[in-house]
Amino acid sequence: MSNSIYLVDNNALSRLTREQRSSPFFADFCRIPTDVLEEASGFPDIDQLRKIEYKTTVSVLERLIEVMKTVPSEDTELVDLYGNKGRADPVIVACALDAHADETATLLPQTIVIVTHDKAVRDKATEFGFIVETSEELAAAIDGA
């Protein structure tokens with residue numbers, strides 16, 4: 001049994017097989033932020049993936065403000081709204097902050113892990129103290145469960 005919650009980015013989600021995405025491990029321990037689900041809307045198993053959505057709540061939006069305060073205005077690596085790039089990237093870190101806050105209030109908190117191949121997301125997640133894994137690492141956990 002895992003003691004982690006995996007927040008999965010679209011670039012990692014697309015590298016997992018459909019069988020891995022439909023596994024009990026994935027359903028139990030993985031969550032997909034709303035914005036990532038929008039990016040993944042063309043997946044054949046999107047209805048299944050929506051069942052593990054990490055919804056964008058007021059709390060997540062408040063955490064998003066925290067994340068964006070750490071991004072210099074000239075920085076377009078994490079998000080580039082003019083270039084229509086990275087809309088979900090700061091949100092996945094905000095979801096991790098939100099999940100971490102919920103977990104620290106429990107007796108046996110789970111570790112929050114962000115699964116991505118995006119360098120800017122990896123850097124920002126690390127800046128906030130989160131563990132970052134690749135889709136290959138998540139696949140190994142799924143396959144080993």
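Predicted model: local features only at pLDDT ≥ 70, side-chain atom pairs only at ≥ 80, totals over all residues.
I began with the largest pocket and noted a volume of about 180 Å³. I found 13 residues lining it, and E77, L78, K119, A120 and D123 are the closest to its centre. I then sorted the lining by class and got 8 charged, 4 nonpolar and 1 polar residues.

Next I looked up E133, which sits in strand β5, residues 131-133. Does E133 have a partner of opposite charge, or what is the nearest one? I found that E133 is buried and has no salt bridge. R122 is the nearest side chain of opposite charge, at 8.8 Å, and a salt bridge would need the atoms within 4 Å. I also listed the contacts of E133, setting aside neighbours within four places in sequence: Y6, V113, I114, V115, T116, R122 and L138.

I placed T76 in the loop between α6 (58-68) and α7 (89-103). Its relative accessibility is 39%, so I logged T76 as partly exposed. I also checked T76 against A105: they are 29 residues apart in sequence, and their C-alpha atoms are 34 Å apart.

My last stop was L108, in the loop between α7 and β4 (111-115). Buried or exposed, I wondered about L108? L108 counts as exposed because its relative accessibility is 70%. Beyond neighbours within four places in sequence, I saw L108 in contact with N3 and E103.

Note on methods. Residues numbered from 1 in each chain as written. Heavy atoms only, no water. 1 Å grid on protein atoms, 1.4 Å probe; cavity = no way out; pocket = protein on both sides within 12 Å on 5 of 7 lines; lining within 4 Å. Points joined across faces, edges and corners; volume = space filled by probe spheres on them. Nonpolar A, V, L, I, M, F, W, Y, C, P; charged D, E, K, R; others polar. Helix = DSSP H or I, 4+ residues; strand = E, 2+ residues; numbered from the N terminus. Buried < 20%, exposed > 50% of the residue type's maximum accessible area, 1.4 Å probe, protein only. Lys, Arg positive; Asp, Glu negative; His and termini not counted. Contact = heavy atoms within 4.5 Å.
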